[in-house]
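Please read it beside the sequence and the model.

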Amino acid sequence: MDSEAPPIEDGDGGDKLKRLSSNAFSLSSINLQKVPHLCDYLPDLSTRRNPIDNSPFYHPRPSFYVVLPLPEPPPPGLPPRGPRETVFFEPAAVRAAIVTCGGLCPGLNTVIRELVVGLWDIYGVREIYGIRDGYRGFYSSEPLRLDPKVVDGWHKRGGTALATSRGGFDLERIVAAVEARGFNQIFIIGGDGSMRGAAKIFEEVRRRRLKVAVAGIPKTVDNDIGIIDRSFGFQTAVETAQQAISAAHVEAESAVNGVGLVKLMGRSTGHIALHATLSSCDVDCCLIPENGFFLEGPGGLFEFLRHRLRQNGHAVVVVAEGAGQDLIPPPPTKEKDPSGNRLLRELFTVKYIDPTYMIRAVPANATDNLYCTLLAHSAIHGAMAGYTGFVSGPINGIYAYIPVEEVAEARNLVDTSDHKWAWVRSVTNQPDFSRDSGA
């Protein structure tokens, strides 16, 4: 059912959106942050009642739909996620494309599956395609036709059934392929680099004035994407890291002056190492990129480990892969005591465990599976409601639609001045490795 829609003014009184409910209203009194919408550059789009009204699986009550204006704006000041009373796409005319980009992460297949099932069952969309091999798959391979039967059981598998790759981003060829294949909803699952690509695709789609909704679902196993509370797959990665830490602890305990060294993912952030340390209680030292350390001398790492070995007979060290990149190992030297005699080195055994890729290739656990489902369905509702150039995710526990440009540029680093890092130091009793503090 088409209906004419009077405009809604955003919080800054600038661009206008059509109303998303059956009643006219103004948002002039609510400071709601602007999220891109198809009506920004296609003002004559018509709306229709949400097909959920006629779904045998739903019995929507008046409170089921998100109806603006809200009694008060949500804490992030962004449009809340969820279904609207009216939509901007006829389900029979939707041709949706789903692509996974970048590295692996627990939950990728769950997101793909739930996008397919949500589009199919909730909105009745029948044209759903998977883009293989990341961004380059838009122009280099045939899309894979998807339906609930095809994706059944994918949530129990690690990796991505669509395959992924880094690079291959050719904006002109990607958007040309989108236009040639008639895709009008694109769901991009990837990290910060992939979200920057999504932002460029959105801008090019808007420049060409195409009725194409671009939705991003940010993922990164090491949780370094900013703004949102956490990335999907992160909790599974931390849980899997526990197995490696437990194994390192057993190995270290079973050796003479054993040192268990566990390297975890985290090129630029130490969230996995930090949370795995806190939840393990078997870690003696946690090293992350955000907190510098030095090796030799008073207060250094080696002195601390020697003390821990004398005290406990073993030690477990968790290190994020990006930690200590500024350190260059000094050349070996012959150490002598004040009398000129060569010092005898203590006997110790290092058990090195590197589960870097293991923790990102496993299937998502129950918590992340639920989270992936919520993210996928939120993205579907947003695209059907006409939002574009957005991602869905929680901010301080409130799920909202966020401009993709903001998510692409924001970083989530460990704040070593907050309570979590202080908690790590209290659990491990490690110094802060600052030459100035003497701790």
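1. A residue is called buried under 20% relative accessible area, exposed over 50% and partly exposed in between, with a 1.4 Å probe and protein chains only. By that criterion, 54% of the 439 residues of the chain are buried. The model is predicted: local features need pLDDT of at least 70 and side-chain atom pairs pLDDT 80 or more, while totals for chains, interfaces and linings use all residues. Residues are numbered from 1 along each chain as its sequence is written, and side-chain values use heavy atoms, without hydrogens and water.

2. The chain holds twelve helices and 15 strands; these are DSSP runs numbered from the N terminus, helices being H or I of at least four residues and strands E of at least two. Contact means heavy atoms within 4.5 Å. Among contacts between residues at least 6 apart in sequence, 76% join residues at least 24 apart.

3. Seven strands form an open sheet of mixed pairing, in the order β7-β6-β5-β8-β9-β14-β15. Two strands count as paired if DSSP finds at least two bridges between them. Strand β14 (residues 390-395) runs antiparallel to β15, and six bridges join the two. G393 has A400 in β15 as its bridge partner.

4. Strand β10 (residues 258-264) is mostly covered, with five of its seven residues buried. It runs parallel to strand β12 (residues 314-320), to which seven bridges join it. The bridge partner of K263 in β12 is V319.

5. Where does the second largest pocket lie? Its lining takes residues from both domain 1 (38-231 + 364-409) and domain 2 (235-360), so the pocket lies between them. The domain bounds come from an automatic or database domain assignment. A pocket here is an open set of points on a 1 Å grid over the protein atoms alone, where a 1.4 Å probe fits and protein lies on both sides within 12 Å along at least five of seven lines; lining residues have an atom within 4 Å of a point.

6. Of its 22 lining residues, R166, T220, D222, D224 and R267 are the closest to its centre. Helix α5 (residues 192-207) supplies the largest share of the lining, three residues. By class, the lining has four nonpolar, eight polar and ten charged residues. Here Ala, Val, Leu, Ile, Met, Phe, Trp, Tyr, Cys and Pro count as nonpolar, Asp, Glu, Lys and Arg as charged, and the others, Gly among them, as polar.

7. T236 belongs to helix α6 (residues 234-253). This residue counts as buried because its relative accessibility is 2%. Apart from neighbours within four places in sequence, T236 is in contact with P106, V362, P363, A364, N365 and D368.

8. D133 has a positive phi, near 70 degrees, and is found in the loop between β6 (127-131) and α2 (137-140). With a relative accessible area of 32%, D133 is partly exposed. N223 also has a positive phi, near 65 degrees, and lies in the loop between β9 (213-218) and α6. Its relative accessible area is 4%, so N223 is buried.
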